[in-house]
Amino acid sequence: MATIEEVEGTFADLIGRLAVLDSRQRAMLPSRRTLQATCTDLDASWHAMWRNGEFSEVVDGEPERRADIRIRLSSDDLIELAAGRLDFGRALGDGRVKVDASMTDLLRLRAVL
């Protein structure tokens, strides 16, 4: 099991990668979304807001209102996903990653991850 510090850094790194998408990929994302990641084995959550092509800083805990995209996974799976050793689509299909989002947001997220 990864530590909270490892997961915070990894989630921030993933958010950072999404922030530097090329213009074609950036156009796939909507103008406003809140993204929340919850590591089930650590019972901890983090969130960031996507506004007009940029992410806010990663914040501990749940957002004030329900996140548009909520991802639940283990800390180890988050680290594997970020390192490119775990395929997002396969992990989603296997139930290792659970996403609560609209179908459109899910497809967008899958395309950029």
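Student: Which residue forms a salt bridge with Asp68?

Tutor: The model is a predicted one. In it, the closest N and O atoms of the pair lie 3.8 Å apart. A salt bridge requires a side-chain nitrogen of Lys or Arg within 4 Å of a carboxyl oxygen of Asp or Glu, so the pair qualifies. The partner of Asp68 is Arg65.

Student: Is Asp68 buried, partly exposed or exposed?

Tutor: The relative accessible area of Asp68 is 24%. Buried means under 20% and exposed means over 50%, with partly exposed in between. Asp68 is therefore partly exposed.

Student: Which residue meets the side chain of Arg66 in a salt bridge?

Tutor: Side chains of opposite charge can pair when their charged atoms come close. Here the N to O distance is 2.2 Å. The residue that meets Arg66 is Asp100.

Student: How many residues apart are Arg66 and Asp100?

Tutor: Arg66 sits in the loop between strand 4 (59-60) and strand 5 (69-73), while Asp100 belongs to strand 6 (residues 97-100). The pair thus links distant parts of the chain. The separation is 34 residues.

Student: Which of these two is exposed, and which is partly exposed?

Tutor: Arg66 has a relative accessible area of 52%, so Arg66 is exposed. For Asp100 the relative accessibility is 31%. That value makes Asp100 partly exposed.

Student: Which residues are linked with Arg66 in a network of salt bridges?

Tutor: One member is the partner already named, Asp100, which pairs with Arg66. The network also takes in another arginine. The residues linked with Arg66 are Asp100 and Arg70.

Student: What is the distance between the closest N and O atoms of Glu80 and Arg85?

Tutor: Glu80 and Arg85 form a salt bridge. Glu80 is partly exposed at 26%, whereas Arg85 counts as exposed at 55%. The closest N and O atoms are separated by 3.0 Å.

Student: How many salt bridges does a search of the whole structure find?

Tutor: Among them are Asp68 with Arg65, Arg66 with Asp100 and Glu80 with Arg85. The search of the whole structure gives a total of six.

Student: Which residues form the negative surface patch?

Tutor: One of its members, Glu5, is found in helix 1 (residues 4-19). Glu5 counts as exposed because its relative accessibility is 58%. The patch is formed by Glu5, Glu6, Asp41 and Asp76.

Terms used:
Residues are numbered from 1 along each chain as its sequence is written. This is a predicted model: local features need pLDDT of at least 70, side-chain atom pairs count only at pLDDT 80 or more; totals for chains, interfaces and linings use all residues. Side-chain values use heavy atoms; hydrogens and water are left out. Patches are made of residues with over 30% relative accessible area and no salt bridge: like charges are joined within 9 Å, nonpolar side chains (Val, Leu, Ile, Met, Phe, Trp, Tyr) within 5 Å. Accessible areas come from the Shrake-Rupley method with a 1.4 Å probe; for residues, only the protein chains shown count as cover. Lys and Arg count as positive and Asp and Glu as negative; His and the chain ends are not counted. The place of a charge is taken as NZ of Lys, CZ of Arg, CG of Asp or CD of Glu. Helices (H or I, at least four residues) and strands (E, at least two) are DSSP runs, numbered from the N terminus. Buried means under 20% relative accessible area, exposed over 50%, partly exposed in between (1.4 Å probe, protein chains only).
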